[in-house]
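Dear colleague,

I am passing on the structure we spoke about, with the sequence and coordinates placed just below. My notes on what was found follow after them.

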Amino acid sequence: MPKASLLVCDDSNMARKQLIRALPAQWPVLVTQVSNGQEALDQLRAAPSDLLLLDLTMPVLDGYGVLAALKAEGLAQKVIVVSGDVQEEAIRRVKELGASAFLKKPVDPELLRQTLNTLGMLDATAGTSLTVPAQALSEPKVSFRDAFREVVNVAMGQAAALLARVLGVFVQLPIPNVNILEVSELHMALADAQRGNGLTAVCQGYIGGGMCGEALLIFHDSEVADMARLMKWQQQDHSSMEMLLDMSSVLIGACLSGIAAQLDVSFSQGHPQVLGEHASIDELIRINSQRWRKTLAVEVSYSIEGHNIHFDLLLLFTEDSVPLLTGKLAYLME
């Protein structure tokens with residue numbers, strides 16, 4: 001029986017593994033994997049596939065770039081976008097660029113099956129089994145960093161979608177950075193936030209499932225007025241610091257909720273504080289120095305399209321949290 005050809009394009013080993021495992025078990029399909037949009041384009045130009053499963057946020061060339069190139073080159077290609085960026089505007093844009101469907105990460109196997117069926121990809125498959133090429137039979141090895149980065153990727157997309165609805169904007173998403181830092185490296189990374197270089201940082205502690213840490217949202221002071229206007233904040237009645245605290249609660253809360261839902265835990269959050277007003281980097285480091293011999297640091301740099309507004313979200317998990325996170329991620333990896 002002829003096999004359908006499927007190209008899976010995602011920079012995350014974890015995401016590709018989850019997506020391949022979500023494919024219908026009785027679908028005779030030949031699977032090829034690539035890790036960025038340029039590789040996908042090169043593959044499709046050389047040998048078109050029956051279907052492309054495409055991520056949006058990737059290095060080298062993102063999913064929007066792939067769709068735009070396919071459209072410009074007149075390459076007829078069925079594409080299902082599978083992304084953590086669930087903003088309504090993101091979905092509208094990929095449909096406008098020619099995507100056949102959009103599915104949010106982590107993909108639901110039944111919804112994927114229904115979408116494949118709607119696209120006419122599952123005809124005449126009774127009695128057959130999933131078939132993949134030799135290179136795909138060896139599933140991509142998923143490291144702790146890759147798995148956690150994908151969890152954060154999904155969570156930051158949910159946070160961006162909430163922020164986009166609140167502000168009526170389109171939030172541009174990066175690839176999150178995940179690193180293990182020594183406490184001295186962490187101190188250097190954070191010290192600029194209160195060195196008079198035009199940055200303000202809001203800090204909020206969190207704890208849950210035996211894990212704990214601090215979330216920091218770092219703003220450029222020159223952009224605070226623009227954010228206040230977007231939020232329709234009445235500065236004559238409230239200070240800009242209150243506005244930053246409100247915005248921090250929205251973003252940090254949404255991102256932590258997204259992580260918690262995937263790991264099946266629940267995080268409780270402390271009251272947000274402005275570093276320099278109610279707390280300092282030195283004090284934050286001193287209080288957590290024993291727990292932060294090493295810290296798992298996650299960095300997400302958001303920007304708002306059409307506005308000169310950028311801010312960095314840092315999630316700092318204590319060293320003792322890493323084994324617990326590893327155990328939670330093992331379920332997702334397997």
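Aspartate 55 is placed in the loop between E3 and H3, where helices (H or I, at least four residues) and strands (E, at least two) are DSSP runs, numbered from the N terminus. The model is a predicted one, in which local features need pLDDT of at least 70 and side-chain atom pairs count only at pLDDT 80 or more, while totals for chains, interfaces and linings use all residues. Residues are numbered from 1 along each chain as its sequence is written, and side-chain values use heavy atoms, with hydrogens and water left out.

The UniProt record, an unreviewed entry, places the feature "modified residue: 4-aspartylphosphate" at Asp55; UniProt positions are given in the numbering used here, feature names are shortened, and annotations may be inferred rather than shown by experiment. Aspartate 55 counts as buried because its relative accessibility is 2%, buried meaning under 20% relative accessible area, exposed over 50%, and partly exposed in between (1.4 Å probe, protein chains only). Leaving aside neighbours within four places in sequence, aspartate 55 is in contact (heavy atoms within 4.5 Å) with Cys9, Asp10, Asp11, Gly63, Val82, Ser83 and Lys105.

Threonine 57 lies in the loop between E3 and H3 too, and with a relative accessibility of 15% it counts as buried. With neighbours within four places in sequence again left aside, the contacts of threonine 57 are Asp11, Leu173, Pro174 and Ile175. Valine 60, in the loop between strand E3 (51-54) and helix H3 (63-72), has a phi near 70 degrees, a positive value in a residue other than glycine, and at 68% relative accessibility valine 60 counts as exposed.

Two further points concern the backbone. Lysine 105, one of the contacts of aspartate 55, is joined to proline 106 by a cis peptide bond with omega near -15 degrees, and proline 106 is found in the loop between strand E5 (101-104) and helix H5 (109-118). Aspartate 264, in the loop between helix H10 (240-263) and strand E10 (268-269), has a positive phi, near 60 degrees, and is exposed, with a relative accessible area of 67%. As background, most residues other than glycine have a negative phi, and most peptide bonds are trans.

Methionine 227 touches Phe219, Met243, Leu244, Met247, Ile309 and Phe311, residues up to four places away in sequence not being counted.

As for the aromatic residues, a search of the whole structure finds seven aromatic pairs, where rings of Phe, Tyr and Trp (its six-membered ring) pair if their centres lie within 6.5 Å, with planes under 30 degrees apart counted as stacked, over 60 as edge-to-face and the rest as tilted. Ring pairs link Phe144, Phe148, Tyr206, Phe267 and Phe317 into a cluster.

For the chain as a whole, there are twelve helices and 13 strands, and 52% of the 334 residues count as buried. Of the contacts with a separation of 6 or more, 73% are between residues 24 or more positions apart.
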